[in-house]
Amino acid sequence: MQPSDVKALLESRIDGCDFHIQGEGCNFQVVAVGDVFENLSPVKRQQLIYGALSEEIASGALHAISIKTYTPAQWHQAPENTQA
């Protein structure tokens, strides 16, 4: 699986988010930015992403996923945002 594959899956399953994906094989780092994360706890944010990828995780196509989630305001201040 390629980062573009993971991004396409997430974009088709979660509306209104921008995804930045790195990794290869079955190990990926997901950075998700969207208003959908407003007022959600960190655990609920993670669950949203894991839920969207549950089929691929269950099948073994995805194995290790690291997730960081941000609202657009949080993303503006995030160290991962190279455009800040």
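Predicted model: local features only at pLDDT ≥ 70, side-chain atom pairs only at ≥ 80, totals over all residues.

Reply: Arginine 45 is buried (under 20% relative accessible area, with a 1.4 Å probe and protein chains only; exposed is over 50%, partly exposed in between).

Residues are numbered from 1 along each chain as its sequence is written, and side-chain values use heavy atoms, with hydrogens and water left out.

Where does arginine 45 sit? Its place is in helix α2, residues 42–52. Helices (H or I, at least four residues) and strands (E, at least two) are DSSP runs, numbered from the N terminus. Arginine 45 touches Phe37, Leu40, Thr69, Tyr70, Thr71 and Gln74. That list leaves out residues up to four places away in sequence. Contact means heavy atoms within 4.5 Å.

Now the charged pairs. Side chains of opposite charge can pair when their charged atoms come close. The structure holds two salt bridges. In one, glutamate 56 pairs with arginine 13, and the closest N and O atoms are 2.8 Å apart. This pair links distant parts of the chain: glutamate 56 is in helix α3 (54–59), arginine 13 in helix α1 (3–13), 43 residues apart. Glutamate 56 is buried at 10% relative accessible area, whereas arginine 13 is partly exposed at 36%.

Lysine 68 and glutamate 80 also meet in a salt bridge, at 2.6 Å from N to O. Lysine 68 lies in strand β3 (64–70) and glutamate 80 in the segment after α4 (72–77), so the pair ties together parts twelve residues apart in sequence. Lysine 68 is partly exposed at 40%, and so is glutamate 80 at 26%.

Last, the nonpolar residues. A nonpolar core is a set of buried Ala, Val, Leu, Ile, Met, Phe, Trp, Tyr and Cys residues joined through side-chain atoms within 4.5 Å. The largest has 17 residues, of which Leu10, Phe19, Val30 and Ile49 touch the most other members. Helices α1 and α2 and strands β1 (17–24), β2 (27–34) and β3 each supply at least two of its residues. Apart from it lies another core, of five residues, among them Tyr70. Tyr70 is also one of the residues that arginine 45 touches.

Technical notes: Lys, Arg positive; Asp, Glu negative; His and termini not counted. Salt bridge = Lys/Arg side-chain N within 4 Å of Asp/Glu carboxyl O.
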